[in-house]
Amino acid sequence: MQCKHCGEAFPKNQKYDIWSLRKDHVMPADTEGLTHSVHLEDAGVFCSRKCIRDYLAADRSGMFAPRQPS
């Protein structure tokens with residue numbers, strides 16, 4: 001396994017911490033928008049909290065995207 005952000009390989013036969021990230025996608029399930037469906041997406045494993053923060057700062061998809069001015 002490798003860290004999704006920095007690409008560092010996790011050591012074999014040694015103890016290590018894995019930080020995982022999962023994203024919830026909430027979408028309307030009907031045309032009126034009264035019912036919603038929730039999908040869980042696995043965003044990968046990371047070697048440290050710093051890599052998760054850096055990944056989220058660079059990720060511009062889903063709920064992490066900045067709001068567009070209207």
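Accessible areas here come from the Shrake-Rupley method with a 1.4 Å probe, and for residues only the protein chains shown count as cover.

A word on the ground rules before the points. This is a predicted model, in which local features need pLDDT of at least 70, side-chain atom pairs count only at pLDDT 80 or more, and totals for chains, interfaces and linings use all residues. Residues are numbered from 1 along each chain as its sequence is written, and side-chain values use heavy atoms, with hydrogens and water left out.

1. **Overall layout.** The protein comes to one helix and two strands, and from the N terminus on these elements run β-β-α. Helices (H or I, at least four residues) and strands (E, at least two) are DSSP runs, numbered from the N terminus. Strand E1 covers 19-28, strand E2 covers residues 36-46, and helix H1 takes residues 49-58.

2. Of the 70 residues of the protein, 16% count as buried. Buried means under 20% relative accessible area, exposed means over 50%, and partly exposed is in between (1.4 Å probe, protein chains only). Now for contacts, which mean heavy atoms within 4.5 Å. Among those between residues at least 6 apart in sequence, 47% join residues at least 24 apart.

3. Met27 lies in strand E1, while Ser37 is found in strand E2. Their C-alpha atoms are separated by 5.4 Å, although the two residues are 10 residues apart along the chain. Leaving aside residues up to four places away in sequence, Met27 touches Thr35, His36, Ser37 and His39. For His25, which is 12 residues from Ser37 along the chain, the C-alpha separation from Ser37 is 8.1 Å. Met27 is partly exposed at 40% relative accessible area, and Ser37 is partly exposed at 22%.

4. **Salt bridges.** A salt bridge is a side-chain nitrogen of Lys or Arg within 4 Å of a carboxyl oxygen of Asp or Glu, and by this rule the count comes to two. One of them joins Arg22 to Asp42, with the closest N and O atoms 3.3 Å apart. Arg22 lies in strand E1 and Asp42 in strand E2, so this pair ties together parts that are 20 residues apart in sequence. Arg22 counts as partly exposed at 48% relative accessibility, whereas Asp42 counts as exposed at 54%.

5. **A salt bridge within the helix.** Lys50 and Asp54 also meet through their side chains, at 2.7 Å from N to O. Both residues lie in helix H1, four residues apart, which is about one turn of the helix. Asp54 counts as partly exposed, with 29% relative accessibility.

6. **The aromatic pair.** Rings of Phe, Tyr and Trp (its six-membered ring) pair if their centres lie within 6.5 Å; planes under 30 degrees apart count as stacked, over 60 as edge-to-face and the rest as tilted. The structure holds one such pair. The rings of Phe46 and Tyr55 have their centres 5.1 Å apart and their planes at 50°, so the pair is tilted. Both Phe46 and Tyr55 are buried.

7. **Cysteines.** How many disulfides does a search of the whole structure find? The search finds zero, with a disulfide taken as a pair of cysteine sulfur atoms within 2.5 Å. For Cys3, the nearest cysteine sulfur is that of Cys6, 3.7 Å away. For Cys6, the nearest is that of Cys47, 3.7 Å away. Cys3 is buried, with a relative accessible area of 4%, but Cys6 counts as partly exposed at 42%.

8. **A nonpolar patch.** Met1, Tyr16 and Ile18 form a nonpolar patch on the surface, with about 300 Å² of accessible area together. Patches are made of residues with over 30% relative accessible area and no salt bridge; like charges are joined within 9 Å, and nonpolar side chains (Val, Leu, Ile, Met, Phe, Trp, Tyr) within 5 Å. Ile18 sits in the segment before strand E1 and is partly exposed, at 39% relative accessible area.
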